Amino acid sequence: MSEHKFRYLLPPGSDFQFVAKFRIWITISIVSIIACVSILFINKAVRGTYMNWTTDFKGGTEITYTFKTKGTGSFTSVDPAAVRQALKDSGENGFDVSDITFTNDQGATVKGMIVRTPRFSAVQDKQIEAAQQGLSAAFQDRELLKVSSSGERFFVRSKKAITNAEAAPVFQAAGLELKPWDEQEAKLYSHGDEGTGEFNLAFSIWGIDRQIELALEKGLKDIDVKPEQSYAVGPKAGDKLRDDAAKSLVYAIFLIMLYLAFRFDIRYAPGAAFATIHDAMMVVGVFALTWQEVSLVSVAALLTVIGYSVNDTVIIFDRIRENQAKYKDKKLEKVIDISLNETLVRSILTSLTVFATTLIMNIFGDGLVRNFAFAMNIGVIVGTYSSIFLASPIFLWVSKTWYSGPPRTRRVAAMAAPSASTASAE
């Protein structure tokens, strides 16, 4: 039989000395964690917030849209990438887009799109100021007494009437689209107060749903866009979600420690816990440094990273435990080196496979997909590093400190006692 020639990533029988460099790896990791925490506080001082939270955490408006083909009026599906591009072209910032499928009142299956924006109002402060100044300048002859606003409504008190059609160009110049008065409003605002004779007028601006609708119709040719549902997510709800996300990470780390304590023994748990905290902080630090958006999908990716890292750590721990029984005559340091060398190729190949997959998602994906893939790219790197260079040395330190015989002071005293007895006898 002919001999098969295999291509090895690393030659069999490799003998890298991992234990000898453990202090260096631990020092690098501690410095990295401190750097990640520092970046959060720098962001807070410079940008006003620790991380680039999305509407999931800081609140905003969520709107569901459906799409119909012009002319036929039949429902159609739209590429999410095209929706994102249309919103980018309109100047919209900080938005999320995700598709949704639901059954309408007629029983038809409709494919729509959910757009999340951090804005609560369609009116910005500079637009309010521009609209108020425009009204004062355009209607000096109407003897304006007061111009004010509240949210998406403007209130004008004057001695002479102003029609909705006359006011519309003023708001348009400020970048706002005015809603037409209905029949009842037109009748109400056509005459002044019976006592004072003053006109108390109210002008309403189309909301965010209308603004995004127009932006989408401009970017999506031959498509009619219709807002189906809109609701605001308040800042308090966002704060609660953020707190719940932090709690989920703490619970995950605690349950991992508990699992390892029963799966192996208590000596293995601290190393896995520190490696998990390290991985979470590294991903958070990179998100903070690059100012990537942090959403609930990012939290899901972070939990996935933790699970991946722990899986790799458990495999290494399992090999250490097997080799402890196999090489009873060798020191624990040597057993750890042997175990890491035996699992090194497996760790590298598994990590490269996951990294390559998520890298493709990161390059060709968009929106939430890219957000998830970016977190996984970082997580695979730091997870592999922590499994090899952090979990094992902490296990070694715990074992040498508390599980390798009596403390050093008692050992020294025990060794000195026979010497003292011999000296007195002489």
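Two strands count as paired if DSSP finds at least two bridges between them. Helices (H or I, at least four residues) and strands (E, at least two) are DSSP runs, numbered from the N terminus. The model is predicted: local features need pLDDT of at least 70, side-chain atom pairs count only at pLDDT 80 or more, and totals for chains, interfaces and linings use all residues. Residues are numbered from 1 along each chain as its sequence is written, and side-chain values use heavy atoms, with hydrogens and water left out.

**View 1. Strands β6 and β7 pair in the antiparallel sense.**
The pairing of β6 (residues 153-158) with β7 runs over 6 bridges. R157 stands opposite N200 in β7. Strand β7 (residues 199-204) has 5 of its 6 residues buried, so it is largely enclosed by the rest of the structure. Buried means under 20% relative accessible area, exposed over 50%, and partly exposed in between (1.4 Å probe, protein chains only). S158 is in strand β6 and is buried, at 0% relative accessibility.

**View 2. R157 and E198 form a salt bridge.**
A salt bridge is a side-chain nitrogen of Lys or Arg within 4 Å of a carboxyl oxygen of Asp or Glu. Here the closest N and O atoms are 3.1 Å apart. R157 lies in strand β6 and E198 in the loop between α6 (183-188) and β7, so the pair ties together parts 41 residues apart in sequence. R157 is partly exposed at 29%, whereas E198 is buried at 19%.

**View 3. R116 and E62 meet in a salt bridge.**
The N to O distance is 2.9 Å. R116 sits in strand β4 (residues 109-117) and E62 in strand β2 (residues 60-69), 54 residues apart. Both R116 and E62 are buried. The whole structure holds 12 salt bridges.

**View 4. R346 and D312 link two helices.**
Their salt bridge has its closest N and O atoms 2.5 Å apart. R346 belongs to helix α11 (residues 332-364) and D312 to helix α10 (residues 296-326), 34 residues apart. R346 is partly exposed at 29% relative accessibility. D312 is buried at 2%.

**View 5. F18 and F389 form an aromatic pair.**
Rings of Phe, Tyr and Trp (its six-membered ring) pair if their centres lie within 6.5 Å; planes under 30 degrees apart count as stacked, over 60 as edge-to-face and the rest as tilted. The structure holds 12 aromatic pairs. The ring centres of F18 and F389 are 5.9 Å apart and their planes are at 50°, so this pair is tilted. F18 lies in the segment before α1 (22-46) and F389 in helix α12 (residues 368-389), so the pair ties together parts 371 residues apart in sequence. F18 and F389 are both buried.

**View 6. F171 and F203 belong to an aromatic cluster.**
The rings of F171 and F203 have centres 5.9 Å apart and planes at 45°, so the pair is tilted. F171 is in helix α5 (residues 164-173) and F203 in strand β7, 32 residues apart. Both are buried. The cluster also takes in F154, W181 and Y189.
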